[in-house]
Amino acid sequence: MNASTNEEQRQKDLNDWLPITASRKAKWWYSAFHNVTAVVGAGVLGLPFAMSQLGWVGGLTTLSVSWVVTFYSLWQMVELHEWVPGKRFDRYPELGQHAFGEKLGYWLVMPQQMMVQIATDIVYMVTGGKSLKKSADLLHPWFHDIRQTYYIIFFAVVNLFLAQVPNFNSLKSISLTAAIMSFGYSMIAFVASTIKGIDHHTQVNHGIRSETKAGTTFGIFNGLGTIAFAFAAHSIALEIQATIPSTPEKPSKKPMWLGCVVAYIIVAACYLSVAISGFWAFGNTVEDDVLISLDHPRWLISLANFMVFLHVLGGYQVFAMPVFDLIESYLVQRRNFSPGTSLRVISRSTYVCITAFIGICVPFFGGLLGFFGGLAFSSTSFFLPCIMWLVICKPKPWSFHWTASWTCILVGGVITILAPIGGARTIILSAKTYKLFS
């Protein structure tokens with residue numbers, strides 16, 4: 001009995017220290033801006049590029065279907081967080097363990113979640129450096145000779161300091177700022193693209209980007225992955241909900257879902273406005289980051305790119321929290337390190353440096369979106385929640401939730417198979433002309 005009590009107390013003490021469960025004081029609006037920060041990220045800037053690969057009909061259809069599918073699967077995750085009375089599944093792998101068993105569930109879910117978190121942080125390293133360089137280049141010609149690599153290094157240095165925020169709930173101010181920035185630069189991209197389109201609409205080609213059959217096919221694959229990347233927040237949904245207090249009378253799912261609904265309304269407004277206006281203005285010549293295609297008014301586009309820089313600083317930390325939680329839990333439980341500031345500083349700084357190094361070596365925004373979007377993001381957002389819903393809740397065959405879940409699984413499965421192929425091809429083509437420092 002004493003051994004069992006001591007173990008329970010040790011686990012409680014660890015949870016009180018780990019970044020996901022250390023504080024449960026969040027409000028419903030925390031859920032809203034955490035989700036906006038996570039969803040309306042770098043992916044929104046790549047949507048016009050995805051439209052150029054899929055065309056008007058294919059692009060808008062894929063975007064709309066993805067919104068509906070992920071909105072439904074997000075609802076499933078919010079419901080499953082406290083499906084077992086008296087227990088909270090605070091982390092994605094914990095829900096996987098309940099659905100598939102202790103070992104299988106952990107190793108089925110954890111690698112996919114970590115791939116999403118780490119891949120997003122790598123892409124954000126690239127986006128932060130790329131956006132800051134664009135912002136500086138627009139301000140003064142002197143900055144043109146400074147390569148993107150050095151901007152990525154600067155972005156990493158700032159994140160070294162931000163990474164020391166102790167827990168998820170402590171990120172609220174950073175996340176709120178990031179959410180405001182994401183909405184701001186989305187609206188700037190929308191307005192500036194619309195003005196550009198009005199001025200040059202007759203000169204724009206809205207056909208599919210590639211002129212060859214192979215290029216068109218791979219482009220479609222990459223476009224699917226880019227859109228899947230834009231709906232990545234499911235990998236931290238349970239972790240966000242874990243910061244909200246819960247009682248039998250007032251379960252956490254009510255404020256969490258209210259925040260999710262508000263966030264998804266903002267997501268729809270941002271995604272459709274940027275995707276449609278960006279593709280309409282530039283057609284099939286749009287860059288993989290629409291802000292790179294925009295040059296005037298210079299001060300406004302510079303501001304928008306700086307807002308992207310500020311947003312991905314916060315977004316990086318939001319996606320990094322589950323990684324920090326996993327690393328610190330492993331070091332304390334398996335390697336017997338003592339929880340404390342030194343452990344936190346060393347482990348988190350190491351992670352930031354590794355993602356910065358990879359981002360410097362592979363800074364191909366469009367290809368990274370497509371590759372990672374299909375490889376892991378479609379799984380954790382599109383169909384893994386639905387599979388767990390079928391296993392845990394066991395809805396009747398051909399009922400609404402049974403049919404909806406299987407539909408989401410099929411949609412996500414197609415993206416998972418096809419998108420990494422297109423993304424890998426885009427990375428290879430971009431790598432042929434890339435120089436690291438010179």
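Rings of Phe, Tyr and Trp, the last taken by its six-membered ring, are regarded as a pair if their centres lie within 6.5 Å. By this criterion, a search of the whole structure, which is a predicted model, finds 22 aromatic pairs. In one of them, the ring centres of tryptophan 75 and tryptophan 389 are 5.2 Å apart and the planes meet at 45°, so the pair is tilted. Distant parts of the chain are linked by this pair, since tryptophan 75 belongs to helix H3 (residues 47-80) and tryptophan 389 to helix H14 (residues 365-393), 314 residues apart. Tryptophan 75 is partly exposed, with a relative accessible area of 21%, whereas tryptophan 389 is buried, at 5%.

A second pair is formed by phenylalanine 324 and tyrosine 351, whose ring centres are 5.7 Å apart; the planes stand at 85°, so this pair is edge-to-face. Phenylalanine 324 is located in helix H12 (residues 298-333) and tyrosine 351 in helix H13 (residues 341-361), so the pair ties together parts that are 27 residues apart in sequence. Both phenylalanine 324 and tyrosine 351 are buried. These two residues also take part in a cluster linked by ring pairs, together with Phe154, Phe155, Phe306, Phe309 and Tyr316.

The confidence of the prediction was considered next. The mean pLDDT of the protein is 84, and 89% of its residues reach 70 or more. Confidence is lowest in helix H1 (residues 2-17), at a mean of 71, and highest in helix H4 (residues 92-100), at 94. Where pLDDT is low, the predicted coordinates should not be read in detail.

Helix H5 (residues 102-139) comprises 38 residues. From its first C-alpha to its last, H5 reaches 55 Å, close to the 56 Å expected at 1.5 Å a residue. Of the 38 residues of H5, 28 are buried, so this helix is largely enclosed by the rest of the structure. H5 packs against helix H6 (residues 148-162) at an angle of about 115°, and the two axes are 8 Å apart. The crossing of H5 past H6 is right-handed. On the H5 side the contact involves Tyr124, Met125, Val126, Gly128, Gly129, Lys130, Leu132, Lys133 and Ala136, and on the H6 side Gln148, Tyr151, Ile152, Phe154, Phe155 and Ala156.

Valine 312 lies in helix H12 and counts as buried, at 0% relative accessibility. The C-alpha atoms of valine 312 and tyrosine 124 are 5.8 Å apart in space, although the two residues are 188 residues apart in sequence.

Threonine 380 is placed in helix H14, the helix that also holds tryptophan 389. With a relative accessible area of 1%, threonine 380 is buried, because the limit for that class is under 20%. Not counting residues up to four places away in sequence, threonine 380 touches Tyr92, Gln112, Gln113, Val116, His234, Ser235 and Pro385.

Helix H8 (residues 213-229) has 17 residues, which should span 24 Å at 1.5 Å a residue; its end C-alpha atoms are 24 Å apart, in agreement with that expectation. Buried residues in H8 include Gly215, Gly219, Phe221, Asn222, Gly223 and Leu224. Gly225, Thr226, Ile227, Ala228 and Phe229 of H8 are buried as well.

Key
Residues numbered from 1 in each chain as written. Predicted model: local features only at pLDDT ≥ 70, side-chain atom pairs only at ≥ 80, totals over all residues. Heavy atoms only, no water. pLDDT = per-residue confidence, 0-100. Helix = DSSP H or I, 4+ residues; strand = E, 2+ residues; numbered from the N terminus. Expected span 1.5 Å × (residues − 1). Buried < 20%, exposed > 50% of the residue type's maximum accessible area, 1.4 Å probe, protein only. Phe/Tyr/Trp six-rings, centres within 6.5 Å; stacked < 30°, edge-to-face > 60°. Axes fitted to C-alpha atoms, helices over the stretch in contact; angles between N-to-C directions. Left-handed = near helix turned anticlockwise from the far one by under 90°. Contact = heavy atoms within 4.5 Å.
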